Amino acid sequence: MAYDKFNVLVSRVVPMSAENVDTDQIIPARFLKATERVGFGDNLFRDWRYDSEGNPKPDFVLNDSRYSGKVLLAGKNFGSGSSREHAVWALYDYGFRCVVSSFFADIFKNNCLNIGVLPVTVTAEFADEMFAEVEKDPLSEVKVDIDAQTITILSTGRSETFDINAYKKGNMKNGFDDIDYLLNLKEEIGKFAEKA
Amino acid sequence: MENKTLFDKIWDAHVVKSIPNGPDVFFIDKHFIHEVTSPVAFLGLETRGVSVLYPEKTIATPDHNVPTIDQDKTIKDKLSRMQVERLRENCQKYGIDLHDLGSDHHGIVHVIGPELGITQPGMTIVCGDSHTSTHGAFGTIAFGIGTSEVEMVFATQCIMQVKPKRMRITVDGELGKGVTSKDIILYIISKISASGGTGYFLEYAGSTIRNLSMEARMTICNMSIEMGARGGLIAPDETTFDYLKGKQYAPKGEAWDTTLAYWKTLKTDEDATFDLEYSYDAADIEPMITYGTNPGMGVKVRDMIPSTEGMEGSEKKSYLKSLEYMGFQPGEAMKGKKVDYVFVGSCTNGRIEDIRSVANFVKGKKKADNITAWIVPGSREVEKKAIEEGLVAILEEAGFKLRQPGCSACLAMNDDKIPSGKYAVSTSNRNFEGRQGPGSRTLLASPLTVAAVAITGKITDPRDVFEN
């Protein structure tokens, strides 16, 4: 599925410092019953965001009116557990385009890149400074430049480069997905399959 | 020639094309699908106007959201019913083999693949489910993928993957009484942590692993993902070949001999190097149980919950938050804590050997009054064997309730939910917050430990029950 192109993003930051946030928290299994990719944002972090009666829990960051933005700043080992791509659909649908963490789970990171949410891995020190800045001033912003592969905390000017392979970078910038690429390789794949 | 790991041999043999500074175009031999992560992928095909390239390489079964009672009746839950019906329509439309509810080989996708002999050494296997790593027990590269990748496999039989690094975990020595393969893997995860395998593909080796049955090996490979690893494999050997011989989809006659000769070549070369190695002594492993909200938070059943000494900042905060959810305190003993539910089942421990071990343990005993005990076979085949061997009669006599095959309370997508605040000791693979139902509290353990808990009604080391 095509997604919005990603070039330069300047945005406020939503901080969530919990470590080992698994995809069951991002979207609980009981909300995976759809047959179409619509409306997942409503159930993003469902059980942390709402009580059992459906009332917003005031101490959860997505219910805290001080914070908003397209960048989610997450704790270590974000997105572990289930391979459900629905977790990234929920983040995207809610409005996040970039997740920053010092450590991502593997399948989650792949899923992000496949549907147009940029995972930015930073050092633990950089993440700490981002947490400190957004705590000091929830209006503070970061700039994520995919071409330069840099993330900058605008209030302090601190900047760091991040890794992304050239192929995926091209996809993110153009809003392409892997299937477009693979469909063009059908002949080579056919030859390979005959051999296998 | 360069010495290679088994992982490298299988991986390299499946690369259609390498993109400079990018991923490999990676060919998939077998693709398993289920009702939850496939419908959007099928929709994607329709939107693009493409078909399934090699439908014979995909195998389907509904397992995640299906009810485990009255499977012969219409599914009551509307959304679950729609997903299962959509799977049927899509399989029919594209000519995909479906092991439907009620059919002889219905079951959890990672249980039926091996039991039908579809899973074979040297293959690459994917499924939109992270426990696809189970199939690594046969010497395969098997891992979970997202729905976009499911669509890629439908359309092109390939996905784009960056090759992971290699890690070997060696376990040597003899296991003590009451110690099972589930304890081995919970022990390893408690050492390496829930993220320590991230970026790696694992190989399990050593005499302890070699001496395990295929089903016990599957339990180990199944939980590779709980360390963050994409998957983990075990080199095939006589145990593997004996298991596969005569299975429905295994090669027969002359083809068996040719294939077997190839399978026998599938091992890591002696001087091959790994990016990271861990070694453990089987004698150090005891019955294990988790106390927190990720599978890395595990201790020996007879041990205490670790204190917060040496922890600070967000690590300490996350640790205390996890214990608060569980209703536990640092430093408390695990033994003796009251339990409300036990669950035997899932792709981790829902096979016949698991049910045998529980049945043998509870034979002639009764479950404690405070325990609700569910046993959910991983497949129809497992269910059939359990009835034929008289295990179901023993279990029912002990007060266990047998349900029909499916993922069930492992992820509680159907009605098999643990109520909020209640404690479940479970043979499944994840103890995440709310995993077994909103507010539920899960403790992971082996089938044997679960059986001991069922009898005593509280957290119990199975060896203590043997001794009495």
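1. Chain B has a radius of gyration of 22 Å, and this agrees with the value near 23 Å that a compact globule of 468 residues would have. The model is a predicted one, and the remarks below should be read accordingly. The C-alpha trace of chain B spans about 55 × 55 × 50 Å along its principal axes. Buried residues account for 59% of the 468 residues in this chain.

2. The secondary structure of chain B comprises 17 helices and 19 strands. Among the contacts in chain B with a separation of 6 or more, 76% are between residues 24 or more positions apart.

3. Within chain B, strand S18 (residues 423-426) deserves a comment. Both of its faces are covered: B:Tyr423 and B:Val425 lie on one side, B:Ala424 and B:Ser426 on the other, and all are buried. S18(B) runs parallel to strand S15 (residues 341-344) of chain B, to which 3 bridges join it. In that pairing, B:Val342 stands opposite B:Val425. S18(B) is also joined to strand S19 (residues 441-444) of chain B, again in parallel, by 4 bridges.

4. B:Ser346, a residue other than glycine, has a positive phi near 85°. This serine belongs to helix H12 (residues 346-349) of chain B.

5. A:Asn77 is not a glycine, yet its phi is positive, at about 60°. A:Asn77 is placed in the loop between strand S2 (71-74) and helix H3 (86-94) of chain A. Since A:Asn77 has 27 C-beta neighbours inside 10 Å, it counts as buried.

6. The sheet of chain A is open and has 7 strands, in the order S4-S3-S2-S1-S5-S6-S7, with mixed pairing. Strand S4 (118-121) and strand S7 (159-161) stand at the edges with a single partner strand each, so one side of each has no neighbour in the sheet. From one strand to the next, the twist averages 25°.

7. Within this sheet order, S5 and S6 stand side by side. Strand S5 (residues 141-145) and strand S6 (residues 150-153) of chain A pair in the antiparallel sense over 4 bridges. A:Val142 has A:Ile153 in S6(A) as its bridge partner.

8. The two chains meet through 49 residues of chain A, which are in contact with 59 residues of chain B. On the side of chain A that touches chain B, the elements giving two or more residues are helix H1 (23-26), helix H4 (106-115), helix H6 (166-174), helix H7 (178-183) and helix H8 (186-195) of chain A. H4(A) provides the largest share, 6 residues. By residue class, this side of chain A divides into 19 nonpolar, 15 polar and 15 charged residues.

Definitions and conventions
Residues numbered from 1 in each chain as written. Chains lettered and ligands numbered in written order. Predicted model: local features only at pLDDT ≥ 70, side-chain atom pairs only at ≥ 80, totals over all residues. Contact = placed C-beta atoms within 7 Å. Nonpolar A, V, L, I, M, F, W, Y, C, P; charged D, E, K, R; others polar. Pairing = 2+ DSSP bridges. Axes fitted to C-alpha atoms, helices over the stretch in contact; angles between N-to-C directions. Buried ≥ 20, exposed ≤ 12 C-beta atoms within 10 Å, placed from the backbone. Rg over C-alpha atoms; globule rule 2.2 N^0.38 Å.
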